[in-house]
Amino acid sequence: MEETAGRYINPYTDYGFKYLFGTEPNKEFTLALVNELLRGKEVIRSLTLIPSEQLGDTKEDRRAVFDVYAENEHGEKIIIEMQKADQQYFKDQSVYYSSFPIRSQGNKGRWRFGLKSVYTIGILDFVFDEDKDDEEYYHHVVKLMDVEKKEVFYDNLTYIYLEMPKFRKTEDELESLFDKWLYALKNLPRLLERPAALQERIFKKFFDVAETANLSKEEYAKYWESEKNYYDLDGAFRTASTKGYARGKAKGLAEGMEKGRAEGEREKAMASARSMKADGMTPELIAKYTGLTVEEIYSL
């Protein structure tokens, strides 16, 4: 092939993330990552990968397609999503996705509603608007809380979000395995060799597996297509956002700024959707990345 990727797989690509964390031969990486993200909980000894496409109760119901979906030895469900695009209803989508493993536990006949824990992990390539000025706060752990008591009301439903653009630790500043995993995820596409600070056995194997040279010809073709989609999407985001903000700024009014921003976001999503649709991505996957509806994508 004339075109080549970097030495290591980009985990921000759809194919790359699923290859590294959503395949049976590599699920030990998933296990290691999840244990670091759920630190403070009982150590998970094993994971079983579950088909990532989840259907509704009827054929008319909306389905969900997860990046990685797994179950631990206690029957607890874990959803892991690598989310490139900031979208208006991202939190709604995240909560909606968590309803699938909740509903799947419903037993027929007599049942006392004893639910196993459900964990939703979002590795985000964007920053939440509401805390974009807090550069140190990038690791969110969200549970159902009693607002008055400031205590956890229900402990079996957990959402973990990592705002990766805010993670800026250098190799010399890495103190824990948690830090090292975040460093590896964020910097993997730019690295030329395994960092000296990541000497643990799991990272040696992770970097070996992540070498693009170790992919088969078919795997490399799929990865390269996913890599191109990622950079096309990133370029569309940057261009559309710049146009939207510039339009709002030119109007010189708060209302114009807000309208320009909204138009820019819409333009960004539509441009990205057209690019992804042209590259053969499914409408459901495009909807996940852009925030558009499946119906809107079919009409493009």
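Two strands are said to pair if DSSP finds at least two bridges between them, and on that basis this predicted model contains an open sheet of six strands with mixed pairing. The protein as a whole has nine helices and eight strands, and 46% of its 300 residues count as buried.

**The sheet**
- Read across the open sheet, the six strands follow the order β1-β4-β5-β6-β8-β7, and the pairing among them is mixed.
- The edges of this sheet are formed by β1 (47-49) and β7 (139-146), each of which pairs on one side only.
- On average, and with direction ignored, neighbouring strands of this sheet are turned by 25 degrees against each other.
- In general, the strands of a sheet pair through backbone hydrogen bonds, in either a parallel or an antiparallel sense.

**The pairing of β5 and β6**
- Strand β5, covering residues 77-83, pairs with strand β6, covering residues 118-124, in the parallel sense and over seven bridges.
- Within this pairing, I80 has I121 in β6 as its bridge partner.

**Helix α2**
- Helix α2, which spans residues 27-37, is mostly covered, since eight of its 11 residues are buried.
- The buried residues of α2 are F29, T30, L31, L33, V34, N35, E36 and L37.

**Contacts and surface**
- Among the contacts in the protein with a separation of 6 or more, 60% are accounted for by residues 24 or more positions apart.
- The accessible surface of the protein comes to about 16400 Å², and 52% of this surface belongs to carbon and sulfur atoms.

Definitions and conventions: Residues are numbered from 1 along each chain as its sequence is written. This is a predicted model: local features need pLDDT of at least 70, side-chain atom pairs count only at pLDDT 80 or more; totals for chains, interfaces and linings use all residues. Side-chain values use heavy atoms; hydrogens and water are left out. Helices (H or I, at least four residues) and strands (E, at least two) are DSSP runs, numbered from the N terminus. Buried means under 20% relative accessible area, exposed over 50%, partly exposed in between (1.4 Å probe, protein chains only). Contact means heavy atoms within 4.5 Å. Accessible areas come from the Shrake-Rupley method with a 1.4 Å probe; for residues, only the protein chains shown count as cover. Axes are lines fitted to C-alpha atoms, for helices over the stretch in contact, and angles run from 0 to 180 degrees between N-to-C directions.
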